[in-house]
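Subject: Structure handover

Hi,

Here is the structure I promised to pass on. Please open it next to this email while you read.

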Amino acid sequence: MGSSERWMLWTLCVWFTSQETVALRVTMRESSLEVVQGDFVVLPCSFFTSSPLSRLNIIWTLSPFFSPETPIQVIVYDHGQVIEDPSLIGRVGFTGLPWSADIVLNDTRVSDAGVYRCMVNNPPETADPGIGELVLSVLAPPSLPVCQWDGNIDSGGSVTLSCSVAEGLPTPEIRWDKLNPEEFSLPINMDGDRSGSVQIVNVSSQTSGLYRCSATNLLGTENCYVNLSIYSTPDTSSGMLQGVLLTLTMSLVLLVLMVLLLWLHRMGQSRRQREGKEEEEGCYNEIRYTASLMKRSFV
Ligand SMILES: *[C@@H]1O[C@H](CO)[C@@H](O)[C@H](O)[C@H]1NC(C)=O
Ligand SMILES: *[C@@H]1O[C@H](CO)[C@@H](O)[C@H](O)[C@H]1NC(C)=O
Ligand SMILES: *[C@@H]1O[C@H](CO)[C@@H](O)[C@H](O)[C@H]1NC(C)=O
């Protein structure tokens, strides 16, 4: 290798190194972060620059998971001034200006989840790249699930119990249990990652009872309930028939008893009439007869 070649190599090296040191570079110390709803989180964004920081400009944007098409400017640092998005005032702030672009997000909400981008410029320096990205997930307990039932609650019909939960991260697990008269869990079909249903075919009176759907993740559990009453139509009609039969039988027995009583009464009367005639021999009988005797002797 000749000395001129060596010199060219050295020049190239210097040129590349200087290019690297001159260009502003943004590095994200994390590519994804998790925070529990309500806690604070620091979103880190470091940059390296060799120019004075008098014209430093930082912009943080968020593409929320629930509306990725409408990103917002979370916070901006420009000409020594900090401007926050109106929806985040009081909750967001820079932590290390002007040496770092880190921000803190206080009192986090589910709506804060999304893709955050940190853009740093420090003219006249070029940026390579001047932008970094991180994904923020906000962990939250399940919201109150919604329980519904559908179908035919006449005996022999089929009923579907369904349950869905709108919020919660990690995705809540859904389960259905029957609570009374005895407790057991039911096989569940997932209709999506946040809703599950149970189908009960050929329902009977044993199907009646209280059912619970629970949505659970590591941050908590929420329940909703369905109280199912199965109308056992064949049972009621046979019950009614039995009732009618019972009433008829009882009426018949009453009628027989009344006839018997009437007959006995008649018998008694006719005997008394006869006994009245043969009164003199009847003194062994009753006080009434004695009284009538006394009356008679008195007269
Ligand atoms: C965030 O909360 C901490 C501690 O409660 C507080 O010191 C800080 O000022 C808050 N930052 C913002 C931007 O509200
Ligand atoms: C429905 O259940 C009843 C008893 O609960 C049973 O006698 C009948 O065979 C069942 N019908 C069907 C179609 O499974
Ligand atoms: C469920 O319904 C039955 C009858 O309608 C009622 O007796 C029972 O108290 C209910 N249970 C609950 C927990 O609401």
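First, the ground rules. This is a predicted model, in which local features need pLDDT of at least 70 and side-chain atom pairs count only at pLDDT 80 or more, while totals for chains, interfaces and linings use all residues. Residues are numbered from 1 along each chain as its sequence is written, chains are lettered from A and ligands numbered from 1 in the order in which they are written, and side-chain values use heavy atoms, with hydrogens and water left out.

**Salt bridges**

Side chains of opposite charge can pair when their charged atoms come close. Here a salt bridge is a side-chain nitrogen of Lys or Arg within 4 Å of a carboxyl oxygen of Asp or Glu, and the whole structure holds 7 of them.

One of them joins Arg 29 to Asp 102, with 2.8 Å from N to O. Arg 29 sits in the loop between β1 (25-27) and β2 (32-36) and Asp 102 in the loop between β8 (92-94) and β9 (103-105), so the pair ties together parts that are 73 residues apart in sequence. (Helices, H or I with at least four residues, and strands, E with at least two, are DSSP runs numbered from the N terminus.) Are the two partners buried or exposed? Arg 29 is partly exposed at 49% relative accessibility, whereas Asp 102 is buried at 8%. Those words mean under 20% relative accessible area for buried, over 50% for exposed and partly exposed in between, with a 1.4 Å probe and protein chains only.

Arg 91 and Asp 112 make another salt bridge, at 2.9 Å from N to O. Arg 91 belongs to the loop between β7 (81-84) and β8 and Asp 112 to the loop between β9 and β10 (114-121), so this pair links parts that are 21 residues apart in sequence. Both Arg 91 and Asp 112 are buried.

Glu 183 pairs with Arg 212, their closest N and O atoms being 3.8 Å apart. Since Glu 183 lies in the loop between β14 (173-178) and β15 (184-186) and Arg 212 in strand β18 (residues 209-217), the pair ties together parts that are 29 residues apart in sequence. Glu 183 is exposed, at 55%. Shared partners join Arg 175, Asp 177, Glu 183 and Arg 212 into one network of salt bridges.

The loop between β14 and β15 also holds Pro 181, which is exposed at 75% relative accessibility.

**Ligands**

Which residues surround ligand 1? They are Gly 90, Arg 91, Val 92, Gly 93 and Asn 106, each with a heavy atom within 4 Å of the ligand. An oxygen atom of ligand 1 is 2.8 Å from a polar backbone atom of Gly 90, and an oxygen atom of ligand 1 is 2.3 Å from an N or O atom in the Asn 106 side chain. Both are polar contacts, meaning N or O atoms within 3.5 Å.

Around ligand 3 are Leu 210, Asn 227 and Ser 229. An oxygen atom of ligand 3 is 2.4 Å from an N or O atom in the side chain of Asn 227.

Finally, Leu 257 is in helix α2 (residues 233-277) and is partly exposed, at 44% relative accessibility.

Happy browsing!

Methods
A polar contact is a pair of N or O atoms within 3.5 Å; within protein, one must be able to donate a hydrogen and the other to accept it, and residues adjacent in sequence count only if both atoms are side-chain atoms.
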